[in-house]
Amino acid sequence: QVQMVESGGGLVPPGGSLRVSCSSSGSAFSSLAIGWYRQAPGKQHDLVAIIGPDDYATYIDSVKGRFTISRDHAKNTVSLQMNNLKPEDTGVYYCNVVPPSSHWGQGTRVTVSS
C-alpha cells in the first residue's frame, strides 16, 4: 500500500488560486494512476482529476480549463494547480490511486469564500 501525504490547502477568495501537492515515499508511486479527490461537507469523495504514469491527464467537466494536474517523477509528487476558484470547489482534497484504495490520508482543506 502506497502512503501519500497531502499539503497546500488554505482559504482563498473566489477567483483566487491554490496549489495542492501529494507526496509519497513509495517506489511504486511513479507507476500508478493518481487522482485528486474532493470531499465537500457531508458528501463522498468525488474524483476531480487523474494523471496516469505516462502523465496523461483527465478532468471532470466543472474544473476543465481551471485546474491542472501534474507530476514530478523524480520527486514522487503529484500536484493540482487550481485557478479561478469557485465556492463550489470548497472541500477537503485527497490524493489516492485510481480506483481509490480504502485508505485515505488526512487530506488538505480548501476553502473558497469571500
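Author: Contact here means heavy atoms within 4.5 Å. Keep that cut-off in mind for later. The model is predicted.

Strands of a sheet pair through backbone hydrogen bonds, either parallel or antiparallel.

Now cross the sheet, pair by pair. Strand 1 and strand 3 are antiparallel and share 3 bridges. In this pair, V5 has S23 of strand 3 as its bridge partner. Next, strand 3 meets strand 8 through 6 bridges, again antiparallel. Here R19 has Q81 of strand 8 as its bridge partner. Last, 6 bridges join strand 8, residues 77-82, to strand 7. These two strands also run antiparallel. R71 stands opposite V78 in strand 8.

Stay with strand 3, residues 18-23. In a regular strand the side chains alternate between the two faces of the sheet. Strand 3 shows such a pattern: L18, V20 and C22 point to one face and are buried.

What about strand 8? S79 lies in this strand. Its relative accessible area is 7%, and buried means under 20%, so S79 counts as buried. The side chain of S79 makes a polar contact of 3.2 Å with the side chain of S21. Beyond its neighbours within four places in sequence, S79 is in contact with R19, V20, S21, W36, T68, I69 and S70.

Then look at the nonpolar residues. In soluble globular proteins, nonpolar side chains tend to be buried together. The largest nonpolar core in this model has 23 residues. I34, W36, F67, V78, L80 and M82 have the most contacts inside it. Among the elements that give two or more residues to this core are strand 3, strand 7 and strand 8.

Finish with F67. Leave aside residues up to four places away in sequence, and F67 touches R38, V48, Y59, L80, Q81, M82, N83, L85, D89 and Y93. Two names on that list, L80 and M82, are also among the core residues with the most contacts.

Methods: Residues numbered from 1 in each chain as written. Predicted model: local features only at pLDDT ≥ 70, side-chain atom pairs only at ≥ 80, totals over all residues. Heavy atoms only, no water. Pairing = 2+ DSSP bridges. Helix = DSSP H or I, 4+ residues; strand = E, 2+ residues; numbered from the N terminus. Buried < 20%, exposed > 50% of the residue type's maximum accessible area, 1.4 Å probe, protein only. Core = buried A, V, L, I, M, F, W, Y, C linked by side-chain atoms within 4.5 Å. Polar contact = N/O pair within 3.5 Å; in protein donor to acceptor, adjacent residues only side chain to side chain.
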